[in-house]
Amino acid sequence: MNSTRKSGYALLIGALLMLTGASGQVVVTPGMVQQAKAMGASDAQINAAMHATSPSSSQSSRADTSADTGGNEVRREASADQRQASEDKTAVQRRSVDSLTRNTVFGQEIFSTKNLTFAPSYNMATPPSYVLGPGDEVIIEVWGEAESRVQEKISPEGSINIQGVGPINLAGLTVAEAQKRVESRIHEIMNGQVKVSLGQIRSIKVNISGEVVTPGTYTLPSLATLFNAIYSAGGVNGIGSLRHIQVFRNSKQIADLDVYDYLINGKYETNIRLEDNDMIIVPPYDNHVTIGGKIKRERIYDMKDGETLARLIDFGGGFTGDAYSDNVTVHRKSGRMLTILTVDKADFGTFELLDGDSVSIGKVLPMYANMVAIEGAVWRPGEYEFSEKIATLSQLIAKAEGLKGSEFASRGQITRVDMANNYTVIPFDVREIVGGQTDIALQNLDRVYIPNIYDLREEYTVTVKGEVNNPHTFTFRKGMTVEDVVLICGGLRESASLAKIEVARRIKDPQSTSYSPKIAENYSFEISEDLKIAPEDSRFLIEPFDEIYIRRSPGYSEQQSVAITGEILFGGEYVLASAGERLSDIIKKAGGFTPEAYVVGASVQRRLTADDRAKVAAVMAIANTNKGKDSVSTQSVEIPDYYPVGIDVMAAVKNPGSNDDIILQDGDRIFIPKFNSTVRVSGAVLYQNTVVYDRSKVKDYIYQAGGYKQEARRRPFVVYMNGKVAATRGGFLCKRYPKVEPGCQVIVPMKQERKGNGLANVMGMMSSTASLAAMVASIINLSK
C-alpha cells in the first residue's frame, strides 16, 4: 500500500515537472496539492515539487546544469541589435498592455493576470487562530522527563487518541486553545514541555456563485482566504462587482469584501479565512464610471451607489501636475439624451456619480497668468514673476541686476500682447528709466528688450595678410597697434619686411551727400624686430575693418634648385647661385657629358607654375565647349606637373649666353640620354610602330607603319628628343618634310573639320596624336 502511494505521488510530481517543461509555467492548484497529500506525499515533497515547477527555479536549475557542463566557457551574450530589438518589442508590448488596461475595470486584473497568484502558502508557521477540524493532522511533541512525538489526524468525531492519555476532543478549537487542552491532559500523567503544531491540513469545500468567470463548488485547503477562492474561480467577470463580494456562513453574512480597500488603502481585514461550506456571492456592479485626461490613473472604476466625484478622483490617484482642477466635465448617458455637466471644485464631495458617467479632466492653459520677461543688455535676462514687487519697468531692470554697461541707452522696447493676440511696441529711453526721470507700469506677458550696442552693428574685425605666421581675420580690439596685430598673428615670418608694413583703412562718412573717388586711406610703417612698444603720442591705433599687409622683403629668397640626370659626370640636384644662371653653367658644374651621351637628344622639362596651370585649365575648358572632333573632355584629362622645353643643348654648350642657353628656373629637370637608334611612328597610320633609324625620309618611316589611314591628314610632323617639333611645309604639289633624327617620333595627325590654327585646333591635333605634355607646352606657348 505504501509503495503504491509513493509511486502515485511520485507520478503526480513527475507530471507537474513534465508540464513545466512543456509550457514553462504551471500554477499548482489546491486540488492538486490535496490529491498529492491523499496519496501520502509529505509537505517537504510537495514543496519540492512546487519549487521545481516554478519558472525561477527551473531557470536556475537549467543555469546550474549549464554551468556544470560547460563551466566558464558557456557565456550568454546578446548583440546590441538584439538588445535594441528586444527593448523595442518590450516598449510596444507595454504600450499595448497600457491601452488594454485603460479599457478594463480597475482591480479586475489582479484575479486574471497570469503573473499573479493568490495560492495559499504552505510554508508558513502554524497560525494560532487557525480553527481545527476533522481531517487536520496534529503533531504533539513532548520532551523533558519523557520524550514522545505523536502525529494524529482529527477523527470525524473531532478527537485524537494519545496512547496513555486517551481521546482528546480538538475540533472547533484554535491551535492556541488546543495547545492548552493537550498540555493540561498530558501533565496529568507526566511532566515535561509540550508543543502542538499543525501537520497536514484538511480540505474544505467552498461554493462560489454570482458574477465570477467560473462559478461552482471548489475544494480548497483550510488555510484558503476569500481572495484564494475568487482567484480559483477565475476572478470577477465583466459585470461582477469588486466592491460587494459577500461571504455567507451558516446562512448568515459574515463579510462584505471591498477589493478597492485592499488595492488602494492596503486594508486586509475583510480577506477572511474560509471554512467548510462557506458561500461566496459576487453580485453585479452598481456603477462603472470612466475617468480620463489629466488624472494619474486613467481607468474605468467600480463605484458604489452614492459615491461622489471626490472619491473617484482619489481612486484615480489624484490630478496630474498640469491638470485644471477648478472644475471637471462629466458626460452622462442616463435619461432621454446625452447630457454634459460641469462640476465645480466645491461640489466634488457632493456630486454623486451614475453608471455610464465619463469624467474628463482638462489641462491648464499654456500661458502665464503673472509673467514678465526681459532680455538684452542686463545681467540676468529671463522670465520673472509679475507682482507688486515687479510691477514697473525700473523694478524689472533692478531685479535683473541692472544694465551691463553695453546697452544702447537711447532706446528700448516693450512688446505687449492683448487678449486678441495683437502685439504693440512701446518704446522708452533707457537712460531716463534707469535715472529715475520716468517709469512705465508693466502688464502681464510684457517682454522688455534693451538692445546691446554690439547687436546693432556688424561685427568689428581686423584682417591681416602677408608674411605673418597665421594670417587671418579676427575680432577688433580697442587700442591695438600694428605690433599687437603681428603678435596676435603669431609673429613675423623670416621673409617679412620690417621696412614696409601697410594699413588700408575704409572711408566712412555717413553724412556725405556727394560722390568721392577715394576708396581707402593707406598708411605705411616701419616696425622693430622685437615689436617694441612705441611712445603713446606716436602710436598708430588700429580701427575696425583695417586691413594690414606685411610685405615680403626684397632681400629675402629661398633656395632654388634644378636636377640634371642621365649621361653626365656628376648628376644630381644643384642650387641656383643667381637669378640668371643658365643651362651651360649647370652642365659645367656637373662636370660635362660622358662619352655615351647623345647631346643632340638632351631635353629640359619645366614645372608648371600656378599661373601656368590656370592657363591650361582655362584653355581646356574653352575647348571642351566645342562639340566637334577636336574637343577635349576636361573630366578625362589630368594636367601633368611638367612640360617639355624645346632646346638645342649642344648649341647652348658651344655658345654660352646664346638664345639656346636658357635661364633655368626652380624645379627644372635636365636629362642627357644615350644614343637611341629607333624612330617611333604614331597617329593616323595603319599600324603604329617603332622602327630602326636608317637615315630614311619621313614617308619611308610612315610606310614601315603600314601607310596612311583614310582619315589621315598627310602633313606629318616630327617631335625630337630635345622637345623641339618640326612640321611638314609647302603646298599640295611641293611638300618639304621635316628631317628624321635618331630617337624622334613621327606623328601623322587626323583630318580636322575646322580650319585654322586656333587653340581648339591645336588641342585637337595634340590630344589625338601627341603626348599630353606636348599639348600643355603648346598651350603655354600659344598663351604667351
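Colleague: In this predicted model, which backbone nitrogen does the side chain of Asp 258 reach?

Modeller: The side chain of Asp 258 reaches the backbone nitrogen of Tyr 260, at 3.0 Å. The Asp 258 side chain also makes a polar contact with the side chain of Arg 243, at 2.8 Å.

Colleague: Where is Asp 258 found, and is Asp 258 buried or exposed?

Modeller: Asp 258 sits in the loop between β9 (252-257) and α9 (259-265). Buried means under 20% relative accessible area; Asp 258 has 5%, so this residue is buried. Beyond neighbours within four places in sequence, Asp 258 is in contact with Leu 242, Arg 243, Thr 270 and Lys 304.

Colleague: Which residues of α7 are buried, and how do they fall around the axis of the helix?

Modeller: An α-helix has 3.6 residues a turn, so residues three or four places apart point the same way. In α7 the buried residues are Val 175, Ala 178, Gln 179, Val 182 and Ile 186. Viewed down the axis, these buried residues fall within an arc of 105 degrees, so they line one face of α7. Among the elements that cover them are β1 (137-143), β4 (166-169) and β5 (193-198).

Colleague: What span should α7 have?

Modeller: At 1.5 Å a residue, the 13 residues of α7 (residues 175-187) should span 18 Å, and the end C-alpha atoms are 18 Å apart, which agrees.

Colleague: What is the phi of Ser 251, and what is that of Phe 545?

Modeller: Ser 251, not a glycine, has a positive phi near 70 degrees. Phe 545 is not a glycine either, and its phi is positive, about 70 degrees. Ser 251 lies in the loop between β8 (245-249) and β9 and is exposed, at 75% relative accessible area. Phe 545 lies in the loop between β24 (520-525) and β25 (547-552) and is buried, at 15%.

Terms used. Residues are numbered from 1 along each chain as its sequence is written. This is a predicted model: local features need pLDDT of at least 70, side-chain atom pairs count only at pLDDT 80 or more; totals for chains, interfaces and linings use all residues. Side-chain values use heavy atoms; hydrogens and water are left out. Helices (H or I, at least four residues) and strands (E, at least two) are DSSP runs, numbered from the N terminus. Buried means under 20% relative accessible area, exposed over 50%, partly exposed in between (1.4 Å probe, protein chains only). A polar contact is a pair of N or O atoms within 3.5 Å; within protein, one must be able to donate a hydrogen and the other to accept it, and residues adjacent in sequence count only if both atoms are side-chain atoms. Contact means heavy atoms within 4.5 Å. The expected span of a helix is 1.5 Å times one less than its number of residues. The arc is that of the directions from the helix axis to the C-beta atoms.
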